[in-house]
Amino acid sequence: GCYAVDSPVSGGDVGARDGALALLAGGDEAVVSWLAPLFAHLGRPTYMGPPGSGQSSKIANQIAVAGAVVGASEALAFANAAGLDAPLFLDAVSKGAAGSRVMDIFGERMLRREFASGGSVKYIIKDLGMALETEEGPEGAKALPGAAMFQQMFSAMAANGDGDLSLQGLITVVERLNGIRK
């Protein structure tokens with residue numbers, strides 16, 4: 001009479017506060033459907049497949065989020081170094097192909113130098129490590145050079161003593177690498 005599902009979430013502190021998390025549920029589909037009314041209080045549940053599919057979805061999500069945060073960090077560091085009006089730049093590009101939820105949430109926090117809000121960088125380091133160690137799927141995704149580079153960049157952030165800061169703090173790593181800012 002006991003059931004289990006794996007259902008990690010995505011959406012960070014903003015999604016949690018607003019009840020707008022993406023719930024990535026793996027397990028028995030009937031059990032996930034049965035839990036949907038409970039999950040709905042947290043956000044939008046999506047059935048991802050058999051047991052383990054929720055966790056695999058979360059890892060894939062973290063690869064995409066990490067890449068977007070790296071891109072936003074580099075873009076804003078470059079814009080600042082080029083003497084651009086960074087808020088104007090962020091507003092302009094967020095309406096084009098570079099625009100994303102990551103750019104909206106984390107880009108604004110980068111501009112405000114607000115590095116404490118959100119999840120700790122140590123968790124994305126862990127998640128990217130899981131991606132690099134896994135052999136899931138029929139073929140197994142064994143070559144993830146972007147994920148490896150992203151993990152190294154976030155690990156550099158932790159090595160700088162900033163492991164408890166949120167993802168948007170990555171801009172400080174890019175700035176240090178380039179001798180920009182503090």
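**View 1. R113 in the loop between helix 5 and helix 6.** R113 lies in the loop that runs between helix 5 and helix 6. The model shown here and in the other views is predicted. R113 is not a glycine, yet its phi is positive, at about 60 degrees.

View 2. S120 belongs to the loop between helix 5 (101-112) and helix 6 (121-133). Its relative accessible area is 13%, and S120 is therefore buried, the cut-off for buried being under 20%. Leaving aside residues up to four places away in sequence, S120 touches G163, D164 and L165. Towards G163, the side chain of S120 reaches the backbone oxygen at 2.8 Å.

**View 3. Packing of helix 4 against helix 5.** Helix 4 is made of residues 86-93, and its axis is 10 Å from that of helix 5. The two helices pack at an angle of about 175 degrees. Helix 4 and helix 5 are therefore roughly antiparallel to each other, as angles over 145 degrees count as such. On the side of helix 4, the contact is made by A86, P87, L90 and V93. Helix 5 contributes M103, G107, E108 and L111. By class, the residues of this contact divide into six nonpolar, one polar and one charged.

**View 4. Crossing of helix 6 and helix 7.** Helix 7 spans residues 145-162, and its axis comes within 9 Å of the axis of helix 6. The axes cross at roughly 150 degrees. This angle makes helix 6 roughly antiparallel to helix 7, since the cut-off is over 145 degrees. The crossing of the two helices is left-handed. From helix 6, the residues in contact are V121, I124, I125, L128, G129 and L132. From helix 7, they are A147, A148, F150, Q151, F154, S155, M157, A158 and D162. The contact of helix 6 with helix 7 holds eleven nonpolar residues, three polar residues and one charged residue.

Conventions. Residues numbered from 1 in each chain as written. Predicted model: local features only at pLDDT ≥ 70, side-chain atom pairs only at ≥ 80, totals over all residues. Heavy atoms only, no water. Helix = DSSP H or I, 4+ residues; strand = E, 2+ residues; numbered from the N terminus. Buried < 20%, exposed > 50% of the residue type's maximum accessible area, 1.4 Å probe, protein only. Polar contact = N/O pair within 3.5 Å; in protein donor to acceptor, adjacent residues only side chain to side chain. Contact = heavy atoms within 4.5 Å. Axes fitted to C-alpha atoms, helices over the stretch in contact; angles between N-to-C directions. Parallel < 35°, antiparallel > 145°, perpendicular 65-115°, else oblique. Left-handed = near helix turned anticlockwise from the far one by under 90°. Nonpolar A, V, L, I, M, F, W, Y, C, P; charged D, E, K, R; others polar.
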